Amino acid sequence: MILKRIIKRIWHLLTGKVFGRSEYFHYTVLDSTNDHAKRLINASIVKKSAVLIADVQTNGKTTKHNKVWQSQEGNLYITFIYKIQSHYLKNMTVLSSVISAAILKTIYYFAVSQDIKLTNAYIKWPNDVFINHKKVSGILIETEEFNNNNYVIIGSGINILLTPILNDGKFATSLFDEGIIVSPEKFAKVYIRYLKELLELSLNDKYEYVRDYVVKHSYKINEYITIKTKDNTRISGKFVHIDKKGAMILETKEGELKRIVYGRLE
């Protein structure tokens, strides 16, 4: 009975009027919330939007070389599905910044509510969220077409209680390790609210609001950096802005403005 009430409460909290009601699915174990989202779409179960949460993933993925995202119980593994017009899918960089902004806003929401001052929480372009130089979340955006309808699949993994051990020389953290105490369910409620709000702005030609937030909270903004692009080219310059399509603008030492659509900050 208690579990039923909890599920019912989460259902109402995760659904809203921005995109209409979202179907809600909760699983104890899944291979991947994104992979299961595709199965739901192709089984005609998702009509317009849906939220999927798994307590554990056995095959969670990242954007980097399809690596496995460690998915222990205690963290949040969540996917939001939304039926979208095809022309919006041409600019994944905007979607990336919307998602990272929603995650960071949610982190600040709980930090402020617990009187915790975060002085070094930021977005590492294009879509990673860090606290004190340690990664706290990752996202994976995919698309699916079914019956002439296009869906965007927004997968997010947020380290809530547990910090994964990375073997690539990088460091991770969790909200718990940073002093923020919140359950995955409560984080999900606020995160989906912000995600829907920021998506609504972006899909209604008001991306500037999201961009301003991302610029304000961007790592190395107004500093000289090096970006490794998709073809392994390295471009160095001052990170001066993010344009209206979510691309990074670098100013080289020669004063030339370079527009970076895809790349990784080294």
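These are my notebook entries on a predicted model of one protein chain.

**Ground rules**

I number residues from 1 along each chain as its sequence is written, and my side-chain values use heavy atoms, leaving out hydrogens and water.

**Confidence**

I checked pLDDT, the predictor's confidence in each residue from 0 to 100. The chain's mean is 87, and 87% of its residues reach 70 or more. Over residues 4-20 the pLDDT is below 50, and this stretch has 33 contacts in the model beyond near neighbours in sequence. A contact here means heavy atoms within 4.5 Å.

**Overall build**

I found five helices and 12 strands; these are DSSP runs numbered from the N terminus, with helices (H or I) of at least four residues and strands (E) of at least two. Of the 266 residues, 53% count as buried. For burial I use relative accessible area: buried is under 20%, exposed over 50%, and partly exposed in between (1.4 Å probe, protein chains only). Among contacts with a separation of 6 or more, 64% link residues 24 or more positions apart.

**Helix H2**

Next I looked up H2, residues 33-42. Eight of its 10 residues are buried, so the rest of the structure largely encloses this helix. The buried set includes Asp 35, His 36 and Lys 38. The buried residues of H2 pack against strands E1 (23-30), E2 (49-57), E3 (76-84), E6 and E7 (149-158). At the start of H2, a side-chain oxygen of Ser 32 comes within 3.3 Å of the backbone nitrogen of Asn 34. Just after the helix, Ser 44 has a positive phi of about 60°.

**Helix H5**

I then turned to H5, residues 207-216, where the buried residues include Tyr 207, Arg 211 and Tyr 213. Their cover includes helices H3 (92-113) and H4 (184-203), along with strands E4 (121-124) and E9 (234-242). The charged end of Lys 105 sits over the ring of Tyr 213, 4.5 Å from its centre. I call a charge "over" a ring if NZ of Lys or CZ of Arg is within 6 Å of the ring centre and within 35 degrees of the ring normal.

**Aromatic pairs**

My search of the whole structure gave five aromatic pairs. Rings of Phe, Tyr and Trp (its six-membered ring) pair if their centres lie within 6.5 Å; planes under 30 degrees apart are stacked, over 60 edge-to-face, and the rest tilted. Phe 80 and Tyr 82 count as stacked because their ring planes lie at 5°, with centres 6.4 Å apart. Both of these residues are buried. Tyr 122 and Phe 130 are also a stacked pair, at 5.8 Å centre to centre and 5° between the planes. Tyr 122 is buried at 6% relative accessible area, and Phe 130 is buried at 9%. Tyr 109, Phe 110 and Phe 187 form one aromatic cluster, and the charged end of Arg 193 sits over the ring of Tyr 109, 5.5 Å from its centre.

**Asn 132**

What does Asn 132 touch, beyond residues up to four places away in sequence? I found Asn 120 and Glu 178. Asn 132 lies in the loop between strands E5 (128-131) and E6 (134-146), and counts as partly exposed at 34% relative accessibility. Its side chain makes a polar contact of 2.9 Å with that of Glu 178. By polar contact I mean a pair of N or O atoms within 3.5 Å; within protein, one must be able to donate a hydrogen and the other to accept it, and residues adjacent in sequence count only if both atoms are side-chain atoms.

Note on methods
Predicted model: local features only at pLDDT ≥ 70, side-chain atom pairs only at ≥ 80, totals over all residues.
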